[in-house]
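This report describes selected features of the structure shown below, from chain totals down to a single side chain.

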Amino acid sequence: MDYRGIFGASRTEAREKFEAESLQHIDALYRNALGLVKRPEDAEDLVQETYLKAIRFYKTFEAGTNLKAWLIRIMYNTFVNRYRRAGKERMALKALSDEPNGYGVISDQSAKSLTDAISTAMWPIVSEEIKTAINRLPDEYRLMVVLADVEEMTYREIAEVLGCPIGTVMSRLHRARRMLQEELMEHAKAAGIAGATESVDKPAAGNVSDPVDLDLYRRQRSGTN
Amino acid sequence: MQCELVEKHLDAYVDEELDAGTVVLFENHLSQCRSCQTRLAFTRSIKRQVKEQFSTVSAPESLSTRVRAELAKEPNEPTEGQGRYTHKAVFGMSAAATVAFAIFGAYQAFEGQFKNGSTVAESSMAIPVFEDVVDRHTQDHLLDVQDTEPDRATSWFRGKVRFPVRPVQFRDPSVRFVGARLSHVRERQAAALYYNISGRKLTTVMFEAPSPLWSGCERAVISGRELYYRNVFGYTVPVIQHNNIAYAFTSDLDRSSLLRVVANAKVP
């Protein structure tokens, strides 16, 4: 069902409505564009190009589905095709996926210190630290974190934006967040918020901390494995 | 369910992507495990900070203007979608979605229910509100106001939150007001008021709530008073809504004592 069906109006009117609704997401598009291309001028270009593509293909948008996700998907594809230096980034991402996950689990004590520091505003520069830590993530990881936490998309929507399986979204998001936590931990120690003895428990060799198969767990529990 | 398993799926829980069956297992474990509660608070804290930090970024005015101008130039008859952006390519639901990522088996069924505004969605949306309320009780923070007079708290909150903070009056004489602090529930401003009742803690969280929170709640009638409450992390959280303000209570008391105390309280 396209917009003409819903509004029962002339094409111009339907298109105007579509434009108006799309423009409501310009902030989301811009901040995600910044995350991808870094420079504001490039981000603005990317956003502009995205809107042009969107309006050219607006008839393919299925009304009632998530317009913001649709727009971000167009933007991400545009970014991949145009801005990302194909070879370099792909290699970097592949390397990240292949190596064993070196990111461990923060101890309870550390988690508590950091939570307290954040929520009691003992750590005034935490906002900068979080921004820095996020910007240091690889593009796709950062995009996932922002889509999940800022744009509040479901895993399925994120998977559709990025064109990858839901399982990949889960494991990468998991990994991205662990990376964030570790970085914050390091900065907290440097700032004297967390004690120097507080540590991150590195996983034992081979014991990667990716999400496990809950379905398998449930089958084992019920003895039907 | 073991801590290790919970830890590995904490993200999915916080992102509200777990199916209801798993959520039950999770919350059973969480209600008994301080360690995982700590981790949960931490994971939530980071998520909240990320959102706060990045939500403020907005597009420059000049960009909006330029985009509008460019869009206006586009011909009225856009070209038909080429292969790349057809509906199936953009939202290949049938292809991608049904591939067996059945780690959480009931994902798809529940996703339909949760994401399109049904009553199930309402009660599931209320859950994080209650979780925040419980967090206010279990977290250990400095108080903004420490006094034995609840009325002092009312004047302190004036100008700091959008709604008048008039504490409930507990008829139970063993309830003693300890202090209060400015807080939040989800994105809303809130006032957290702390009491001591015979050595046990009792917390009231007040926040604006124009729409009812009691879908998904249990209902009890005590002393002729109808009370709605929810079980979160092993705590019973009764809630009273009056004049668009919600009063949510958490306590270390057992459920029947807490319900009795709340049923006998006067809401201003």
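Helices here are DSSP runs of at least four residues, numbered from the N terminus. The model is predicted, and every value below is computed from it.

On this basis Ser22(A) belongs to helix H2 of chain A, which covers residues 11-23. Buried means under 20% relative accessible area. Ser22(A) has a relative accessible area of 2%, so it counts as buried. Its side chain comes to 2.8 Å from the backbone oxygen of Phe18(A). Beyond the neighbours within four places in sequence, Ser22(A) makes contact with Tyr51(A), Leu67(A) and Leu71(A).

Chain B has 268 residues, and 49% of them are buried. Its secondary structure consists of ten helices and ten strands. The accessible surface of chain B is about 13000 Å², with 50% of that area on carbon and sulfur atoms. Among contacts in chain B with a separation of 6 or more, 60% link residues 24 or more positions apart.

The largest nonpolar core contains 100 residues, and Val50(B) and Phe207(B) have the most contacts inside it. Helix H11 of chain A (residues 166-190) supplies the largest share of this core, ten residues. The core lies between domain 1 (3-111) and domain 2 (120-266) of chain B, because both domains give residues to it. With residues up to four places away in sequence left out, Val50(B) touches Ile130(A), Ile134(A), Val145(A), Asp149(A), Val150(A) and Leu180(A).

Strand pairing in chain B can be followed through E5, whose two pairings are tabulated here.

| Strand pair in chain B | Residues of the partner of E5 | Sense | Bridges |
|---|---|---|---|
| E4 and E5 | 188-197 | antiparallel | eight |
| E5 and E9 | 245-251 | antiparallel | seven |

Strand E5 itself covers residues 200-208 of chain B. E4(B) and E5(B) form a hairpin with two residues between them. In that turn, Ser198(B) has a positive phi of about 50 degrees. Which residue of E5(B) is the bridge partner of Tyr195(B)? That partner is Leu202(B). Leu202(B) also stands opposite Ser251(B) in E9(B). In a regular strand, side chains alternate between the two faces of the sheet.

How values were computed: Residues are numbered from 1 along each chain as its sequence is written. Chains are lettered from A and ligands numbered from 1 in the order in which they are written. This is a predicted model: local features need pLDDT of at least 70, side-chain atom pairs count only at pLDDT 80 or more; totals for chains, interfaces and linings use all residues. Side-chain values use heavy atoms; hydrogens and water are left out. Buried means under 20% relative accessible area, exposed over 50%, partly exposed in between (1.4 Å probe, protein chains only). Contact means heavy atoms within 4.5 Å. Accessible areas come from the Shrake-Rupley method with a 1.4 Å probe; for residues, only the protein chains shown count as cover. A nonpolar core is a set of buried Ala, Val, Leu, Ile, Met, Phe, Trp, Tyr and Cys residues joined through side-chain atoms within 4.5 Å. Domain bounds come from an automatic or database domain assignment. Two strands pair if DSSP finds at least two bridges between them. A polar contact is a pair of N or O atoms within 3.5 Å; within protein, one must be able to donate a hydrogen and the other to accept it, and residues adjacent in sequence count only if both atoms are side-chain atoms.
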